[in-house]
Amino acid sequence: MINKLIEAQFKKNSKMCYTLDIDEIRAIVKDIGSRVSNPITQFENINNSLEKNYGVKLPYGLNQVSIEKFGDVASSPLIIERAINSIMKKIIVEGETKIVLKNPKALYRIGILGFEDTVKLDLIVEGNVGNFFGAFCNFDGTWIVDGNAENGLADKGYKGKIIINGFATELACQNNQTTNFSSGVNVLIKKGCMERAMGQARGGKLVTFGAGYNSGLYMSGGVLLNLGLPGEMFGPGMVGGIIYSPEGTTIAEGAVIAKLTLEDYSIIKETLRVFENELFIEALDNFSMENPTLSLTNNINKNIQKFNMHDFIKIVPKTTN
Amino acid sequence: MCGICGIILKDHDNPNFSIGALLYRMMESQQVRAQDSAGIAIFNTGDAHCNDLSYNLNYFIKSPPTSMTTTATGGYELIEEKIPASKPIKEQSLLVSKLSKDDSVSIIGYSNKMKLVKNMGLVKDLDKKYNIRSMKGSHGIGHLRIATSSKVDPGNAHPFSTTVLPDIAVVHNGEITNYSKLRNLLEIKGYPFYSSCDSEVIAVFLADQLLMHGDIQRAHDQFIRKADGPFTYIAATPHSLSLVRDKFGTRKGIIGYNRGGEGNPAFWAMATDLSALDIVGANEDVKAASPGKSLIFTI
């Protein structure tokens, strides 16, 4: 179940909250597929139905790629992926900024919305998402996934806050961007990123309860705070950014271990402040080098966890030390 | 971006459980990753010939085009030619040699306790043709291929097996960048190759190692040491299922456990995508396999 407090807060603040059950779209597509065998007619009928029910049309090229890859149109997940993103985009353009997606069933590429300018959007996804969730994301608001995410979570993201209640398999925040208008996507992963968290990241903040092998790979900016178990071979080829991880974490070539300084406590505090509500952090304002213990929980149903930052190390590029 | 998966039952003496149905669901959930071909290998299926000394020579033969030929199957038929145990080894070798010279034939390998089926197209096409969802056994592996290094045809589909040693099957995601070198070394030893896919070298390499010292752990360790490139593979023999990753862990390999219950057996599942574990309820002890290591389950 999704974190009740966050959900309540989300709904309380929602004057307009659009709920989209992806199974409804699957049912439309399946029904057409069961009645029509010609893929071109399938595509036309699906498009007509999507236009009638949701006011969106799919680009014609999807027709060809679906036939090529999946033999027909009705069984192609690419159709569902594109339909969801088109519907979300339309909803946002129409001024609704809170969306709940039901039954994602690990669909790939949800949330690639293609807005050039930052958009206002809060999103809850009830279930697992697939590869590249929120890739290129550029939004103000909070996106919550009540499930797992796969590769490339928030890949090349610019702005926004994403919370994953489960795992992210690898490359969370890959290529996270800092630009003159953005500081990167901030991400919280409650069960941990299995491998290569913040790979090639240029900005943003990632707080994760576990970070696997080669996290911080080629990292050039941003902050990775690992509150899980010590990781292995962190920071291969890193040229910038900072990783905080429990003692026992090992490093790869190109990275060095350093002790935390006064400035690091400020960085950690600011990193955690982004997720202060989601992690129920107690007395974050009092956190400092003299008072290095953090009390928080990543699950309202679990006990408070305590972290003494004196037990953490900092990993930085060799060149900057 | 291939998709691989494997399942092994905790208690291996459950002959009525359709492991094929689980593999099908895991493959279907990863279908978006790859659509060129699909294949599975299931072990200890309980077929009559499992317990005798005869075995099958599996190969594809290209049938002449008919109105029934579809692009999904590419006009290939999978043949399981039964080889009696009494047939002299020399005759068997001659048969393989003769078939390998036939352009319309693509050899897969020998099997006794393994049922291996593969074809071009989607997993639903494979199921339609071979009813994989009804297949029973103690463990099995599945593969969805998107072609990168060799053409799309049944001979390049996974799982790969060999005529070097019966009942070995491998599914692979990634690239073996020193494939030519490894293949040449094995060919010098006299081992035949039947495809142009880099993944075949894993099966032949493991078979060679098993023939030399019979230790699957050592075989995997040797492969990790000698192979270059990004790879994760799942290898199965009648007595083992292994998940193996390259030393940098550059391709995913995730494992989880389902404790069973309500008449369903407990099992370990491994896959490329987490969603494939989730769909079969293997949500306990979920973790990525360690880079440069092999994770082996034996029965």
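**View 1. An open sheet of seven strands in chain B, with antiparallel pairing, runs in the order β6-β2-β7-β1-β12-β11-β13.** Strands here are DSSP runs of E with at least two residues, helices are runs of H or I with at least four, and both are numbered from the N terminus. Two strands pair if DSSP finds at least two bridges between them. At the edges sit β6 (114-120) and β13 (284-288) of chain B, each pairing on one side only. From one strand to the next, the twist averages 10 degrees.

This is a predicted model, where local features need pLDDT of at least 70 and side-chain atom pairs count only at pLDDT 80 or more, while totals for chains, interfaces and linings use all residues. Residues are numbered from 1 along each chain as its sequence is written, and chains are lettered from A and ligands numbered from 1 in the order in which they are written.

**View 2. Here β11 (residues 254-258) of chain B runs antiparallel to β13(B), joined by three bridges.** One to look for: B:Ile254 has B:Ala288 in β13(B) as its bridge partner. Helix α3 (residues 123-130) of chain B packs on the sheet and touches β2 (37-43), β6 and β7 (139-145) of chain B. The direction of α3 makes about 125 degrees with that of β6(B). Such angles run from 0 to 180 degrees between N-to-C directions, with axes fitted as lines to C-alpha atoms, for helices over the stretch in contact.

**View 3. Helix α2 (residues 22-35) and helix α5 (residues 77-93) of chain A come within 10 Å, axis to axis, and cross at roughly 130 degrees.** That makes α2(A) oblique to α5(A); under 35 degrees would count as roughly parallel, over 145 as roughly antiparallel, and 65 to 115 as roughly perpendicular, with the rest oblique. On the α2(A) side, A:Ile22, A:Ile25, A:Arg26 and A:Val29 meet A:Ile79, A:Ile80, A:Ala83 and A:Ile84 of α5(A). Contact means that C-beta atoms, placed from the backbone, lie within 7 Å. By class, that's seven nonpolar, no polar and one charged residues. Nonpolar covers Ala, Val, Leu, Ile, Met, Phe, Trp, Tyr, Cys and Pro, charged covers Asp, Glu, Lys and Arg, and the others, Gly among them, are polar.

**View 4. Chains A and B meet through 18 residues from chain A and 15 residues from chain B.** On the chain B side, α7 (274-279) and β13 each supply at least two residues. Helix α7(B) gives the most, with three residues. The chain B side divides into eight nonpolar, four polar and three charged residues.

Key
Contact = placed C-beta atoms within 7 Å.
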